[in-house]
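Q: I am new to this structure, and I would like to learn how to read its features one at a time. Could we begin with the surface and then work inwards?

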Amino acid sequence: MWDNITCWKPAHVGEMVLVSCPDVFRIFNPDQDMGVVSRNCTEYGWSEPFPHYFDACGFDDYDTETGDQDYYYLSVKALYTVGYSTSLVTLTTAMVILCRFRKLHCTRNFIHMNLFVSFMLRAISVFIKDWILYAEQDSNHCFISTVACKAVMVFFHYCVVSNYFWLFIEGLYLFTLLVETFFPERRYFYWYTIIGWGTPTVCVTVWATLRIYFDNTGCWDMNDSTALWWVIKGPVVGSIMVNFVLFIGIIVILVQKLQSPDMGGNESSIYLRLARSTLLLIPLFGIHYTVFAFSPENVSKRERLVFELGLGSFQGFVVAILYCFLNGEVQAEIKRKWRSWKVNRYFTMDFKHRHPSLASSGVNGGTQLSILSKSSSQLRMSSLPADNLAT
C-alpha cells in the first residue's frame, strides 16, 4: 500500500511491519537521526502508523524550529519598521529646519541634507519593498516575477547604495576640511553630488542589465549569482573601507590637534574630547558596517540581520539628532527666530491695546515697527546740526 509517504509491502494478518523513515525527511532536517514507523496488518486492513511520521522522523523538531525562525524574522521586521519610521519622521523635521533657515545654507549643511535625503529614500524603499513582497503573509514571494516588483528592487538597491556613498562623501568632506586649509567648496560640492547620486545610478543600471540577460528569475530579491551581486556589493564594500581609512586618518589628526599646546587642558579632558569626537563620527561615517563588510551572506545571518537591519534602521535618527537638533548653529538660529517672533507678537498685542482704532483699520505690529523706526530716524536727522549735515 502507498500512503503518499512510503510503500508498505504485503503482510499476513497479525503481522507488524517496520519501515524506516523516508529519505524525503532528511531534506527538511538533515542532522536528525531517522527512526522507524510501524503498522499492524489486521483483518480490516492496515492500522494507523505508530509512532506518527512527524514524531519518528524528526519533522516535529523541524516544524518547531521553523516556527521559532518565523517569530525571529517577524521580530526583526517589527524592529526595523519602528527604526525606519522614527528615522523618517526625524529626518523630515531636520530637512524642514535646514531648508527653512537661510543662515544655515552652507556646503557642510548641504552635504548633511543630501545624506538625510538618502536615509529618507532608504526608509521609503524598505517600506515599498515590504509592501510589494510581503503584503500577503500566505503568498510565496519567491514565485513573484513582475516588472513592478523588479522595478521596486532596482529602486531599493539604488537608495541603499546612494546612502552608503553619501556616508562616504561625509567622511571625504571632513577629511578634506581638516587636511586642506583653503579649497573651493562649491566646486567640490558639484563633484560630491555626481559621486553621491551618479555612481549608484551607474552601478544599479549595470546590475539590472546583467540580471535581465543572465539571471532574470523571480523578483530579483534573491542573489544566487555571486558575480552579479558583486556589481552592487563591490562599490558598497569599497566605500565602507575607504570611509574606515578616512575615519582612522581623522582620528589621528584630532589626536595631534588635541595634544597641541594651544588646546590646553589636562590629559583626561583631551581623551574625553577625543572619545566624544569619535562617537560622533561613527554614525556619520557608517563605521559599524565594517563588522560584516567582508563576511559571506550566509555567515552569521541572524546577527547580521539584527545589526544591519535592526540597529542600522535607527542610524538616520541618530544622525539627524547629532547633526541637526544638537547642532549649535541650528539651536542658535531657532532661538533667534523664536525671540524675533515673540518680540513681533508683543508689539502687535501692545499696539492693538494702545491704538484700537489703528489696529481695526489694518495697521499691524510690523507696520507700527517700521513707522516707529522711520520716525525715530527722521527725528535724529532733524536734531543734527546743519554743519554736520553738510559734511
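A: Accessible area comes from the Shrake-Rupley method with a 1.4 Å probe, and for residues only the protein chains shown count as cover. Here the chain exposes about 23600 Å², of which carbon and sulfur atoms supply 63%. This is a predicted model, in which local features need pLDDT of at least 70 and side-chain atom pairs count only at pLDDT 80 or more, while totals for chains, interfaces and linings use all residues. Residues are numbered from 1 along each chain as its sequence is written, and side-chain values use heavy atoms, with hydrogens and water left out.

Q: What percentage of the chain's residues is buried?

A: A residue is buried under 20% relative accessible area, exposed over 50%, and partly exposed in between (1.4 Å probe, protein chains only). Of the 391 residues in the chain, 35% are buried.

Q: How many helices and strands are there in the chain?

A: Helices (H or I, at least four residues) and strands (E, at least two) are DSSP runs, numbered from the N terminus. By that reading the chain has 14 helices and three strands.

Q: Which residues touch the most other members of the largest nonpolar core?

A: A nonpolar core is a set of buried Ala, Val, Leu, Ile, Met, Phe, Trp, Tyr and Cys residues joined through side-chain atoms within 4.5 Å. The largest one has 57 residues, and those touching the most other members are L98, L115, F116, L281, F285, V319 and C324. Elements giving two or more residues to this core include α3 (59-100), α4 (107-133) and α10 (315-325), while α5 provides the largest share, 12 residues. A second, separate core has six residues, among them W8, V17, V37 and C57.

Q: Which residues does L98 touch, leaving out those up to four places away in sequence?

A: Contact means heavy atoms within 4.5 Å. With those sequence neighbours left out, L98 touches L104, H105, N109, M113, F116, C324 and V330.

Q: Is N243 buried or exposed?

A: N243 has its place in helix α7, and it counts as buried because its relative accessibility is 2%. Not counting residues up to four places away in sequence, N243 touches L167, F168, G171, F285 and I287.

Q: Where does the kink in α7 lie?

A: The bend at a residue is the angle between axes fitted to the seven residues ending there and the seven starting there. In α7 a kink of about 40 degrees lies at I232, shortly before the proline P235.
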